[in-house]
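Please keep the sequence and the coordinates at hand.

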Amino acid sequence: MKFTKLKQTTENASSSVVGNGGQAALKLPKKKRMMDLTAKRNAMGYIFILPFLVGLVLIYIPALVESFRFSISDVDKVNYIFTPAGLTHYKDAIFGDAYFIRGIVESLGTMLMNVLIILIYALIIATLLNRNLGGKGFYRAMLFLPVVVSTGVIVTAENMGLVSAAALTTEAGNVAGGLFTQVDIKLLLNSLSISPQLTSLVSGAIDNIYSIVTNSGVQLIIFLAGLQSISPAIYESATVEGATWWESFWKITIPMISPLILVNMVYTIVDSFTNSSNSVMGDIFGRITTGAYEEASARAFVYLAFVGVIIAVVVGVVNHFVFYENK
């Protein structure tokens, strides 16, 4: 009896998977389908970054190798002859020039202020633009427009000597000062018993409003994309449970976009360290202009190592507070 039932079950299973001219109609296991989908997505990702990889291999890495060769050599610019110099240029940069190390330390302080102000500004504006506002598409375009302009027209005009970025920053600060002067801001914050350090930070940010707006467009767009990816059902559930907007912001919004906060933080750090107004970058480009390629290359690699250490420390620390949905 058991053998007969087993035979019937086997025959039924065989007849159910055969059809369309005797071809097998078995469906792939769910795990196999998921693996195929993941492989396709990975392939699309590699295709997307293919131009970057090509540029990295054909342009960036050869230039990096050539720059390192300059940094450990004395070069005859006329005959293009390299004479090994060891770490002489590195020692001169680190131990022989106090202004270079001082510039690196000052750039670190500027970076910390830029990261704090730009990320807070970008997150606040992105949160406002994510709400149901009339004409929010226009506002998004206008807030990103300074990024496009500053990378094209303004830079070209500055290189031609037609306009000065410092003058634009001063003018923007004067406009902001027309609404609230530094004295007004300091008096207001002091009346609220705000610490002098925070008062100085806020007043400095008002004077530097042009730089903040032009350097926060990318971060704003990234934050906005992250906010739009959060399902409204999560906020609705939190509201039903009695959560306020402020509680939802700190316990839903911030954790959900925390990976993007890390991305924007790294982007802002790199952007701050490589900004043309940075004194270290000015020193390096100045030496390139005068033909001191060996010294410029050595200082660039020292600066690169410093920036790499800062980024590694920031990522290592902040990554412990990042919420990953798939983990």
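Glutamine 219 lies in helix H12, which spans residues 217-228. Helices here are DSSP runs of H or I with at least four residues, strands are runs of E with at least two, and both are numbered from the N terminus. This is a predicted model, in which local features need a pLDDT of at least 70 and side-chain atom pairs count only at pLDDT 80 or more, whereas totals for chains, interfaces and linings use all residues. Residues are numbered from 1 along each chain as its sequence is written, and side-chain values use heavy atoms, with hydrogens and water left out.

Is glutamine 219 buried or exposed? Glutamine 219 counts as buried because its relative accessibility is 1%. The term buried applies under 20% relative accessible area, exposed applies over 50%, and partly exposed covers the range in between, with a 1.4 Å probe and protein chains only. Leaving aside residues up to four places away in sequence, glutamine 219 touches Ile118, Leu119, Ala122, Asn264, Tyr267 and Thr268; a contact means heavy atoms within 4.5 Å. One of these residues, leucine 119, is 100 residues from glutamine 219 in sequence, yet their C-alpha atoms are 7.2 Å apart.

Alanine 122, which also touches glutamine 219, is found in helix H5, residues 98-129. With a relative accessibility of 0%, alanine 122 is therefore classed as buried. Its own contacts, again without residues up to four places away in sequence, are Ser216, Gln219, Leu220 and Phe223. Between the C-alpha atoms of alanine 122 and valine 218 there are 8.7 Å, for a separation of 96 residues along the chain.

Valine 263 belongs to helix H14, residues 245-273, and is partly exposed because its relative accessible area is 43%. From valine 263 to valine 315 the C-alpha distance is 9.2 Å, across 52 residues of sequence. Phenylalanine 321 is placed in the segment after H16; its relative accessibility is 67%, so phenylalanine 321 counts as exposed. The C-alpha atom of phenylalanine 321 is 7.8 Å from that of serine 258, and the two residues are 63 apart along the chain.

Helix H16 also takes part in a helix pair. Two packed helices are described by the angle between their axes and the distance between the axes. Helix H4 (residues 88-95) packs with helix H16 (residues 293-318) at an angle of about 65°, and the axes are 9 Å apart. These axes are lines fitted to C-alpha atoms over the stretch in contact, and the angles run from 0 to 180 degrees between N-to-C directions. On the H4 side, His89, Tyr90, Asp92, Ala93 and Ile94 meet Glu294, Glu295, Ala298, Arg299, Phe301 and Val302 in H16.

Tyrosine 80 is in the loop between strand S3 (73-76) and strand S4 (81-84). Although tyrosine 80 is not a glycine, it has a positive phi of about 55°. A relative accessible area of 45% is why tyrosine 80 is described as partly exposed.

Of its 327 residues, 28% are buried. Among contacts between residues at least 6 apart in sequence, 67% join residues at least 24 apart.

Confidence remains to be considered. The average pLDDT, the predictor's confidence in each residue on a scale from 0 to 100, is 77 for the protein, and 67% of the residues score at least 70. Residues 1-7 have a pLDDT below 50, and this stretch has zero contacts in the model beyond near neighbours in sequence. Over residues 175-179 pLDDT stays under 50, and the model has two contacts for them beyond four places in sequence. Where pLDDT is low, the predicted coordinates should not be read in detail.
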